[in-house]
Amino acid sequence: MAIQEIDGLRVSNWDVVVGCERLTEGCDSCPSYWEYKENGWDYNARYNPSVLLAPLDNPNPTKYTVGIGSDLFHEAVTVENLASIFGVMNQAHWHFFEIATKRAERMYCVSKDFQWGRNISLAVAVESGDYKWRIGYLRESKAIIKAVSMVPLLGDMGKLDLSGIAIVGVQPETWGLKREMKQAWYDSVKLQCREQGVIFYEN
């Protein structure tokens, strides 16, 4: 788990969950998936307890992405595993943890009893309007800081309800398949963020 500095901020991936599987078309260019596939490695999702306590051993405030290239709320990660992970995140209050998931339904069902400190942000990945229903589960979650990641943006979002959402991030697919992001899709999301008072972030 390497720690680096970006613009003076310490950042690291906390790979307490590793591996995943294709869920929707937004996964098709995932760099982690292709790295494992090309090298013939095991990409099955699993809890990685060997690094569970790493944030507690790090005294320097750090922004951790939780299981990047994986999904914290994958079905292979048990509720007991999640309880241990949330326990560490809440105890390590001097760090900031970023969680992103496509498995919004499971997130909503299993995380209701967890403590969501102000140092834990939650995002759902939404690659097109076909999956904007994930935003509803995010809105109803107990997370305090809520974001939507449209990375990559692969289709028209249509009309969006962004109530309760703090940030929307948008980016074209500049890696892997490099599928097109139409300017009209981008402009529509940007306009709706402005109209609804939501921070628009172009990654």
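Colleague: Why does isoleucine 167 count as partly exposed?

Modeller: This is a predicted model, and in it isoleucine 167 has 32% relative accessibility. Buried means under 20% and exposed over 50%, so a value of 32% makes isoleucine 167 partly exposed. The residue lies in strand 9, residues 167-170.

Colleague: What makes Ile167, Ile199 and Tyr201 a patch on the surface?

Modeller: Patch residues need over 30% relative accessible area, and nonpolar side chains are joined within 5 Å. Isoleucine 167, at 32%, passes that cut-off. Together with Ile199 and Tyr201, Ile167 forms a nonpolar patch with about 290 Å² of accessible area.

Colleague: Why is phenylalanine 97 called buried?

Modeller: Its relative accessibility is 0%, and buried means under 20%, so phenylalanine 97 counts as buried. Phenylalanine 97 is found in strand 6.

Colleague: What is the volume of the largest pocket, and which residues are closest to its centre?

Modeller: The volume is about 1,400 Å³. The lining has 43 residues, and Thr65, Ile68, Ala100, Ser149 and Val151 are the closest to the centre. Elements giving two or more residues to this lining include helix 1 (31-39), strand 5 (63-66) and strand 9. Strand 6 gives the most, with five residues.

Technical notes
Residues are numbered from 1 along each chain as its sequence is written. This is a predicted model: local features need pLDDT of at least 70, side-chain atom pairs count only at pLDDT 80 or more; totals for chains, interfaces and linings use all residues. Side-chain values use heavy atoms; hydrogens and water are left out. Patches are made of residues with over 30% relative accessible area and no salt bridge: like charges are joined within 9 Å, nonpolar side chains (Val, Leu, Ile, Met, Phe, Trp, Tyr) within 5 Å. Accessible areas come from the Shrake-Rupley method with a 1.4 Å probe; for residues, only the protein chains shown count as cover. A salt bridge is a side-chain nitrogen of Lys or Arg within 4 Å of a carboxyl oxygen of Asp or Glu. Helices (H or I, at least four residues) and strands (E, at least two) are DSSP runs, numbered from the N terminus. Buried means under 20% relative accessible area, exposed over 50%, partly exposed in between (1.4 Å probe, protein chains only). On a 1 Å grid over the protein atoms alone, a cavity is a set of points where a 1.4 Å probe fits but cannot get out, and a pocket is an open set with protein on both sides within 12 Å along at least five of seven lines; lining residues have an atom within 4 Å of a point. Grid points are joined across faces, edges and corners, and a volume is the space filled by probe spheres set on the points.
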